[in-house]
Amino acid sequence: MTPETTRSLLERAGAILHGHFELTSGRHSDVYVQKARVFEDPEATMELAREIAAWYPGGVDVVVAPAIGAISLGFAVALAAGARSVFAERVGGVMQLRRGFSVQPGERTLVVEDVVTTGGSARAVFELVRRSGATIVGVAALVDRSGVDVGLPLRAALRIDARSWDPVECPLCADGVPLDSPGSRHLV
């Protein structure tokens, strides 16, 4: 699957939005990837998951995804790779494995993220896995919108050039463009 095919799949699902958005990171952007729109189609999700799993021919024992947005993709990648699927959750702002989940020393572990902007969630899960003694085979994402090296062994199905700003520097705020907060961390 090429990046162009991935982009086309996301566009057909209505997952690439343009406007004024508050990202999970707190930054503002003119582009938002509503990955849930593609994840509602199990076959499209599995097509993406098979592609990601194929990047790791040495095999994967366990896939770890940050909750909540990447759980569906992490599960699908684990299914495609014949691996276990677990997810990490923030407890007091710190990523932890809960619900009886664990990653054992030496297990070939893949961190799967949905959309990377700053790399914060992926980095937190990466460090959690690293501390467990597991062998990290990589960090895979559906979309990398960071535009920079986030300091992780990151591979993405699609890289999107999307601007983002600190809220106090956001030109869309300055122009009075209404702000949309579609991410899960912004729910009341």
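Me: What makes β2 and β9 a pair of strands?
Reply: In this predicted model, two bridges join β2, residues 28-33, to β9. Pairing needs at least two bridges. The two strands therefore count as a pair. They run antiparallel.

Me: Which residue of β9 is the bridge partner of His28?
Reply: Trp165 in β9 is the bridge partner of His28.

Me: Why are β1 and β9 said to stand at the edges?
Reply: The sheet is open, with the order β1-β2-β9 and antiparallel pairing. β1 (16-22) and β9 (164-165) each have a single partner strand, so one side of each is left without a neighbour in the sheet.

Me: What is the strand order in the sheet of six strands?
Reply: The order is β5-β4-β3-β6-β7-β8. This sheet is also described as open, with mixed pairing. β5 (94-97) and β8 (154-159) stand at its edges, because each has a single partner strand. Neighbouring strands of this sheet are turned by 25° against each other on average, direction ignored.

Me: How do you know that β3 and β4 pair?
Reply: Five bridges link β3 (residues 62-66) and β4 (residues 84-91). The cut-off is at least two, so the two strands pair. Their sense is parallel. Within this pair, Ala65 stands opposite Phe87 in β4.

Me: Which strands does helix α5 lie across, and at what angle does the helix run to β6?
Reply: Helix α5, residues 120-132, lies across β3, β4, β5, β6 (108-116) and β7 (135-144). The helix runs at about 170° to β6.

Definitions and conventions
Residues are numbered from 1 along each chain as its sequence is written. This is a predicted model: local features need pLDDT of at least 70, side-chain atom pairs count only at pLDDT 80 or more; totals for chains, interfaces and linings use all residues. Side-chain values use heavy atoms; hydrogens and water are left out. Helices (H or I, at least four residues) and strands (E, at least two) are DSSP runs, numbered from the N terminus. Axes are lines fitted to C-alpha atoms, for helices over the stretch in contact, and angles run from 0 to 180 degrees between N-to-C directions. Contact means heavy atoms within 4.5 Å.
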